[in-house]
Structure formats: structure tokens, C-alpha cells
Amino acid sequence: MKINYNPKYPQKHLSIRVPWHDNAWNGTICSSPRNNDACLALKNCATNRKDDLETAMAGKRICDIKDENKLPPCISESAMFMADFQFKKNLEHPYAKGYNSYYKHLLPTPTTFPKFSAPAIPFRWGMPANALEFAENYDLDYILGREPYQI
């Protein structure tokens, strides 16, 4: 979507959900991953966490883990929030695995997160049912007919 300047909103604010971390979001695996119950509140973290593996690597810097299969699932939930190093990861769009046929062409994409960045996952903004409301409120160039789905 193209965002036009709207004098009604001279400043933009972005809120992102960041999973709780027991070591100040310093780019490491939690010091005590088994005791991080906050992960259980996030569906992806709760269903995909590997307590034994994460406990064995507790405190290790994420940038030092070269095998993506060993990365904790919180990495996909903005856990690299404000890390003091650049980080690379192949991202897979969750819709590519069966939301509908339109998204099946989306392949894993190598992505670089700059140091001190805050990756964000759109949730309410990205939901089709909310698109018209946001378009009207923020003067967005949104036309339903251009979307690959109909609400």
C-alpha cells in the first residue's frame, strides 16, 4: 500500500509486540529458557519451542548460531529487538503453507536485520477485515479489487 502524507497525522507511531526476554533483549537465547512462561502466550513460540536445545544454548548470542534449525522460535516473533549486531535469517511466510493458493508461490527469503533494529510482524494492520478502516483513517491508497482475496 502507498501511504500518502496526511496533515491530520504529521507523526507516525508504530507499536510492536516484543516477547519477554530474561536478559534485556541483548541478542541472546534466554538465560533460563524453560522458565520463560511468557513464550507460552505466543502461539508460534508455545508450539515450536525446544526447551532442551534452548537450555543447552542458554545465553548464547543468536549471531553465533549458524544452524537455523537451532534458532528458538521467538526469533520470528521480534526477539532480536534492538540487538547490537546484524542478523541474517531465511524467513518463511506463514500463508505459503496453506492459507490459500494465492500465497503458495512465496518462497523462503533471506533477510538481513540491521543492528539495533526492531523487526515487526503486522497483526491488526494485516488483517483483511480491518483494511478499509485503516485506509479511511490514515488516507491509504487501498482498493479492495486489487487484493488477491475478497472479504
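Select I75 and its contacts (heavy atoms within 4.5 Å). Leaving aside neighbours within four places in sequence, I75 touches I62, M80, F87 and K89. I75 sits in the loop between helix 2 and strand 1 (87–91). Helices here are DSSP runs of H or I with at least four residues, strands are runs of E with at least two, and both are numbered from the N terminus.

Is I75 buried or exposed? I75 counts as buried because its relative accessibility is 9%. Buried means under 20% relative accessible area, exposed over 50%, and partly exposed in between, with a 1.4 Å probe and protein chains only.

A word on the model. It is predicted: local features need pLDDT of at least 70, side-chain atom pairs count only at pLDDT 80 or more, and totals for chains, interfaces and linings use all residues. Residues are numbered from 1 along each chain as its sequence is written, and side-chain values use heavy atoms, with hydrogens and water left out.

Colour by pLDDT, the predictor's confidence in each residue from 0 to 100. The chain mean is 82, and 88% of residues reach 70 or more. Among the elements, helix 2 (residues 51–56) has the highest mean, 94. Helix 3 (residues 131–138) has the lowest, 85.

Switch to cartoon. The protein chain has three helices and two strands. From the N terminus, the order is α-α-β-β-α. Of its 151 residues, 28% count as buried. Among contacts with a separation of 6 or more, 53% join residues 24 or more positions apart.

Next, the cavities. On a 1 Å grid over the protein atoms alone, a cavity is a set of points where a 1.4 Å probe fits but cannot get out; lining residues have an atom within 4 Å of a point. Volume is the space filled by probe spheres set on the points, which are joined across faces, edges and corners. The whole structure holds two cavities of 30 Å³ or more.

Which residues are closest to the centre of the largest cavity? Select C30, C39, E54, P72 and C74, out of 18 lining residues.

Finish at the second largest cavity, about 30 Å³. Select P19, W20, H21, C30, N36, C39, C74 and A79, which line it.

Terms used: 1 Å grid on protein atoms, 1.4 Å probe; cavity = no way out; pocket = protein on both sides within 12 Å on 5 of 7 lines; lining within 4 Å.
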